[in-house]
Amino acid sequence: MNPASDSALIIDNAHKTYKNGFTALKGVSFDVKQGEFFGLLGPNGAGKTTLISAMSGLARLTQGNISIMGYDTRKNPNQCRMSLGVVPQELVFDPFFTVREALQFQSGYFGIRKNEAWIDELLAKLNLEDKASTNTRNLSGGMKRRLMVAQALVHRPPVIVLDEPTAGVDVELRQSLWVFIEELHQQGHTIILTTHYLEEAQMLCNRIAMMKHGELVALDSTANLLKSGQGIRVSLLLSAPLPAALQKWCVPSEGENTVLQLDEYAQLAYVLSTLQYEKVEVKNLTVLENDLEQVFLQLMHDDKKGVVAC
Ligand SMILES: Nc1ncnc2c1ncn2[C@@H]1O[C@H](COP(=O)(O)OP(=O)(O)OP(=O)(O)O)[C@@H](O)[C@H]1O
């Protein structure tokens with residue numbers, strides 16, 4: 001590690017234009033400190049995987065620099081490779097290996113010979129022990145996903161990037177995966193996570209970057225992003241259907257409650273007086289907390305950029 005750097009990752013003005021002329025990254029810059037649990041969020045096509053590919057050396061930036069644990073990806077590719085473990089989105093395996101062989105092969109790729117103790121630990125932590133001798137082509141999707149996680153960790157990298165690690169993983173496994181990742185985080189690993197499950201990002205990440213069309217549109221602590229959510233949401237249990245005059249604020253919700261998204265508290269007074277006038281009784285009223293999904297949707301539908309504190 002470069003002792004001068006306390007950053008696990010520095011993205012400096014990253015641009016990427018693919019051969020077909022499409023520009024997927026338009027000058028992205030941010031810094032992830034060592035030990036952070038960092039979220040990289042954005043809708044499909046925002047450029048997250050392109051950025052991760054550039055970190056791991058699979059894609060070359062058209063302009064800009066990336067450094068990992070103080071090492072430049074172009075000047076020190078080997079140190080970067082050793083410092084980084086990427087769990088990719090795509091499930092790719094050599095179908096002729098068993099689970100254990102795949103992990104042994106991956107260890108060899110990093111020049112690590114005696115890795116059995118750590119491989120056993122990874123198999124146990126990821127509930128793959130009884131699949132150690134199973135051929136990778138005979139694993140279920142969720143098991144393959146767990147093997148991808150194990151493969152990314154064979155060299156105990158200080159920086160771990162997880163590109164949608166819970167896609168296609170059932171609830172129980174998802175939870176056990178997060179316990180394990182949280183354990184690695186507690187041990188000092190830097191975790192960078194992309195996910196479309198925003199409640200996971202809200203629960204796990206200390207800081208979050210949001211991307212849209214190859215640009216950063218927000219970068220702040222999770223707490224500050226939650227505070228930045230505009231408007232208020234109220235959940236109402238009503239004695240009769242919502243009057244037509246209030247339908248414009250109604251947002252989809254589960255259960256029998258009606259949820260309204262309002263711009264300001266003054267509108268709540270109007271809602272209550274309209275309900276009273278229409279003789280609709282309010283049996284229960286709850287002001288809902290902002291959640292990351294709401295902030296995300298606001299930012300994605302907003303033309304303004306919300307890039308804030310680093
Ligand atoms: N090899 C390529 N050649 C041309 N365009 C590409 C290539 N790879 C990706 N793109 C385009 O770059 C954009 C960003 O893609 P990328 O996979 O980085 O997005 P993403 O944020 O990871 O999306 P998702 O959430 O769907 O994984 C998309 O419009 C995609 O079609």
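**Exercise 1.** Identify the residue that stands opposite Arg-233 in strand E13, and the bridge partner of Arg-233 in strand E14, in this predicted model.

*Solution.* Begin with E13: there, Gln-261 stands opposite Arg-233. Turn next to the strands themselves. E11 (residues 232–238) pairs with E13 (residues 258–262) in the antiparallel sense, over five bridges. Then consider E14 (residues 282–288), which runs antiparallel to E11 and is joined to E11 by six bridges. In E14, Leu-288 is the bridge partner of Arg-233.

**Exercise 2.** Determine which residues of helix H3 (residues 99–109) are buried, and how they are arranged around the axis.

*Solution.* First, list the buried residues of H3: Val-99, Ala-102, Leu-103 and Gln-106. Second, consider their directions: because they cover an arc of only 95° around the axis, they lie on the same side of H3. Third, find the packing partners: the buried residues of H3 pack against helix H4 (116–125) and H5. Finally, look just after H3, where Gly-111 takes a positive phi of about 75°.

**Exercise 3.** Describe the largest nonpolar core and the contacts of Ala-150.

*Solution.* The largest nonpolar core has 67 residues, and Ala-150 is among those with the most contacts inside it, as are Ile-68, Val-161, Ala-209 and Met-210. Helix H5 (residues 141–153) gives the most to this core, with six residues. Leaving aside neighbours within four places in sequence, Ala-150 is in contact with Leu-103, Leu-122, Leu-123, Leu-126 and Leu-128. Another core, of seven residues, lies apart from the largest one and includes Trp-249, Leu-260, Val-271 and Leu-275.

How values were computed: Residues are numbered from 1 along each chain as its sequence is written. This is a predicted model: local features need pLDDT of at least 70, side-chain atom pairs count only at pLDDT 80 or more; totals for chains, interfaces and linings use all residues. A nonpolar core is a set of buried Ala, Val, Leu, Ile, Met, Phe, Trp, Tyr and Cys residues joined through C-beta atoms within 7 Å. A residue is buried if 20 or more other C-beta atoms lie within 10 Å of its own, exposed if 12 or fewer, and partly exposed in between; C-beta atoms are placed from the backbone. Helices (H or I, at least four residues) and strands (E, at least two) are DSSP runs, numbered from the N terminus. Two residues are in contact if their C-beta atoms, placed from the backbone, lie within 7 Å. Two strands pair if DSSP finds at least two bridges between them. The arc is that of the directions from the helix axis to the C-beta atoms.
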